[in-house]
Amino acid sequence: MASLDTRVVLVGALFAVSLAGCRGQKSEEPPVHPIRNMVNQPRYGPQQRSEFFRDHRTMRPLVPGTIAREMEIDLEQSTGWDEVQETWVLEVPRAVVRDHGGLATLAVRGQDRYDIYCAPCHGITGSGDGMVAQRSVALGYSAFQPPSLHDPRVLHMPDGQIFATVSNGVRNMPAYGHAVPVNDRWAIVTYLRALQISQAAEPGREVRGGTP
């Protein structure tokens, strides 16, 4: 069995050898790359010709309708406020309706978003009896129950004001601007108008805004 001194010498020698490999000198040997695709990746340079695309352009044009995050879209569409008239936008912007292929398609999208973000509080019919509202009342917090979306006050709101409410929140209602894209918020407004008409107690009951 090796003595303690011998073992100390061996450990010291191994340590010295390991330090010798870190001298910082250039090596004439080629570097070892176990994973080659992390070093050499197939790619195109700027303006380089490509046979993959029909127009041979590697720098692809933007998809029609693409908007950069830094760009501000139409203010009426993004806020619901008409700065020229200094009032709320009365109807869902035509551009939103056009982009969705018509009011019917927009309303279908709105129903999908409404059921996710609005129905838990406002209920499927918009009467303010969603599961969150029912739970609040059961716990004695009736003050947190949301109003019915068929209330005359809401019925006569311009579409832009409802859009802004969804975007920014009001009183106990949180803001959904960070979670729901602009056009989806307008889709919710469209579906809400359809919901109000379908739930109207009186035939011919007026609903503010031009969205059926």
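Colleague: In this predicted model, where does aspartate 82 lie, and why is aspartate 82 called buried?

Modeller: Aspartate 82 belongs to strand β1, residues 81-82. Its relative accessible area is 14%; buried means under 20%, so aspartate 82 is classed as buried. Leaving aside neighbours within four places in sequence, aspartate 82 is in contact with Glu76, Thr87 and Val89.

Colleague: Why is tyrosine 141 called partly exposed?

Modeller: The relative accessible area of tyrosine 141 is 49%. Exposed requires over 50% and buried under 20%, so tyrosine 141 falls in between and is partly exposed. Tyrosine 141 is located in the loop between α6 (131-138) and α7 (152-155). Together with Leu139 and Phe144, Tyr141 forms a nonpolar surface patch of about 340 Å² accessible area.

Colleague: What makes helix α4 roughly perpendicular to helix α9?

Modeller: The axes of α4 (residues 103-117) and α9 (residues 182-198) cross at roughly 95° and come within 7 Å. Angles of 65 to 115 degrees count as roughly perpendicular, and therefore α4 is described in that way relative to α9. Among the residues making the contact are Leu103, Leu106 and Tyr114 of α4 and Ala187, Ile188 and Leu195 of α9.

Colleague: How do you know that helix α8 is largely enclosed by the rest of the structure?

Modeller: Of the 10 residues of α8 (residues 159-168), 8 are buried, so the helix is largely enclosed. The buried residues include Ile162, Phe163 and Val166. They pack against α2 (75-79), β2 (87-88), α7 and α9. Just after α8, glycine 169 adopts a positive phi of about 80°.

Methods
Residues numbered from 1 in each chain as written. Predicted model: local features only at pLDDT ≥ 70, side-chain atom pairs only at ≥ 80, totals over all residues. Heavy atoms only, no water. Patch = residues over 30% accessible without salt bridge, like charges linked within 9 Å, V, L, I, M, F, W, Y side chains within 5 Å. Areas by Shrake-Rupley, 256 points an atom, 1.4 Å probe, with all protein chains shown as cover. Salt bridge = Lys/Arg side-chain N within 4 Å of Asp/Glu carboxyl O. Helix = DSSP H or I, 4+ residues; strand = E, 2+ residues; numbered from the N terminus. Buried < 20%, exposed > 50% of the residue type's maximum accessible area, 1.4 Å probe, protein only. Contact = heavy atoms within 4.5 Å. Axes fitted to C-alpha atoms, helices over the stretch in contact; angles between N-to-C directions. Parallel < 35°, antiparallel > 145°, perpendicular 65-115°, else oblique.
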